[in-house]
Amino acid sequence: MSETTTETMVGTAGVINGTLQLSQGITRKLSGGVGGQFKEIPVIDLTAMINPSATEEEKSKLVTDIYDACSRVGFFVIKNHGIEWKIVDAAFDSIKEFFDLPMEKKMEVHQSKSVSYQGYEEPYYTNVDRLKRGGDLKESFTTGYDPFTDPLGVGDAMPEILRRHNLWPNPKDAPKVKPGLEQYRAACLKLMRQLTSVIALAIGKNEDFFAKKATYPIAGIRSLYYPPQENQGGEEVGLGAHTDVQLITMIAQKPYDIQALEVLNAAGEWISPTLEPETFVVNLGDMMGRLTNDKFQSTVHRVCNKDARGRYSIPFFYGLNNDELTETLPQFVTPENPLQYERGMTGYEHYNMRMQRAHHKHPSAVNKVLLGLPPGMTKIDGVIVEGL
Ligand SMILES: O=C(O)CCC(=O)C(=O)O
Ligand SMILES: [Fe+2]
């Protein structure tokens with residue numbers, strides 16, 4: 001490697017000596033790292049998972065396909081997943097009803113009123129990639145897991161401190177929002193429980209490896225609206241470059257054919273999945289990275305809606321019980337891939353840390369003065385960037 005420091009830009013994320021530096025302390029080796037060698041996002045047919053008469057051969061091919069997608073890409077498109085699309089359509093009707101509300105109604109459920117980061121975020125409320133100046137154009141509405149509406153929920157056995165305190169709009173203003181999203185959450189939970197059992201097999205564990213630790217799982221739904229983005233390639237972005245926080249995310253979007261989601265490969269190129277009707281995009285989050293020593297990596301992505309149409313999307317974030325300690329599995333620590341995470345972390349700790357950093361306007365935001373840097377600036381691995 002050359003002695004001199006090379007500085008180039010990938011999109012607007014800084015690259016220093018082959019390492020991508022994102023805000024929120026996220027770094028990714030762009031070459032030589034474990035995954036990221038891809039030019040397209042694979043499509044995985046889940047028939048063998050949902051069809052009870054699938055053969056052992058079909059099931060084991062699925063496990064192999066999932067292993068390949070998780071270790072090489074961290075993103076894949078799923079089809080034949082078993083979710084009835086009318087449930088997804090109803091969820092999109094619900095979120096349209098929400099985003100069409102007048103601003104003062106949306107502000108009644110604003111995220112700053114929630115200790116657990118639920119509720120509405122107006123355009124520019126976040127600037128997830130602080131290496132950009134413009135901020136995120138998206139509007140969003142976040143709701144979390146409820147142990148009383150999950151068909152397998154444990155109700156009061158879920159510790160009170162771990163519950164999300166959802167802020168729902170008044171049903172007189174928006175009657176479809178709560179029922180549409182709760183029905184969608186139940187469908188996603190069922191699918192993610194099945195899919196994580198396949199992932200468990202892919203990492204050499206028993207099928208119930210994740211299920212045992214997910215009796216009151218994270219099951220967050222973030223509803224998003226991205227207006228058409230006029231300032232293309234400039235400092236504005238629909239949602240800045242980031243990694244997801246939980247184990248696994250599943251995204252539906254409408255219209256299905258807008259290519260706005262972009263995924264970063266190890267060559268520093270942004271790759272968009274090609275979607276067909278009635279498919280979801282699935283991607284891995286940081287907790288999966290911690291568990292597998294980044295063998296299954298949470299891949300960096302962002303959203304830029306360059307289409308003339310507005311784009312709605314609904315990511316569903318799935319994770320273990322929030323008080324479950326995630327430690328790297330020893331099988332993933334090798335001389336070629338030494339331990340990346342020195343200590344275990346609960347989802348609760350990791351989520352709060354990431355949310356405090358991502359939401360600089362939220363009352364809980366990390367105190368910038370403590371960093372000993374000029375106000376509004378912070379340092380990530382020696383690189384001074386705005387924000388945090
Ligand atoms: O809108 C999308 O497709 C992705 C959104 C996303 O990456 C997120 O909310 O974490
Ligand atoms: Fe994401």
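How many residues has helix H5, and how far does H5 reach from its first C-alpha to its last? I looked this up first. H5 (residues 177-202) has 26 residues and reaches 36 Å. That is close to the 38 Å expected at 1.5 Å a residue, the expected span being 1.5 Å times one less than the number of residues. Just after H5, I found glycine 204 with a positive phi of about 75°.

**Ground rules.** I am reading a predicted model: local features need pLDDT of at least 70, side-chain atom pairs count only at pLDDT 80 or more, and totals for chains, interfaces and linings use all residues. Residues are numbered from 1 along each chain as its sequence is written, while chains are lettered from A and ligands numbered from 1 in the order in which they are written.

**Confidence.** I checked pLDDT, the predictor's confidence in each residue from 0 to 100. The protein chain averages 85, and 80% of the residues score at least 70. The model scores ipTM 0.99 and pTM 0.88. I noted two stretches with pLDDT under 50: residues 1-13 and residues 366-388. Where pLDDT is low, the predicted coordinates should not be read in detail.

**Overall fold.** I counted seven helices and 22 strands in the protein chain. These are DSSP runs numbered from the N terminus: helices are H or I of at least four residues, strands E of at least two. Buried residues make up 43% of the 388 residues. Buried here means 20 or more other C-beta atoms within 10 Å of the residue's own, with C-beta atoms placed from the backbone.

**Strand E16.** I then turned to E16 (residues 280-284). Five of its five residues are buried, so the strand is largely enclosed by the rest of the structure. Phe280, Val282 and Leu284 lie on one side, Val281 and Asn283 on the other. E16 pairs with strand E6 (residues 75-79) in the antiparallel sense over four bridges; pairing requires at least two DSSP bridges. Phenylalanine 76 stands opposite valine 282. Strand E13 (residues 248-254) also runs antiparallel to E16, joined by four bridges. There, threonine 249 stands opposite asparagine 283.

**Ligand 1.** Which residues surround ligand 1? I listed Arg222, Leu224, Leu239, Asp244, Ile251, Gln253, Leu261, His301, Val303, Ser313 and Pro315. The cut-off is a C-beta atom, placed from the backbone, within 6 Å of the ligand. Strands E10 (217-226), E13, E17 (301-303) and E18 (311-321) each supply at least two residues of this shell.

Terms used: A residue is buried if 20 or more other C-beta atoms lie within 10 Å of its own, exposed if 12 or fewer, and partly exposed in between; C-beta atoms are placed from the backbone. Two residues are in contact if their C-beta atoms, placed from the backbone, lie within 7 Å.
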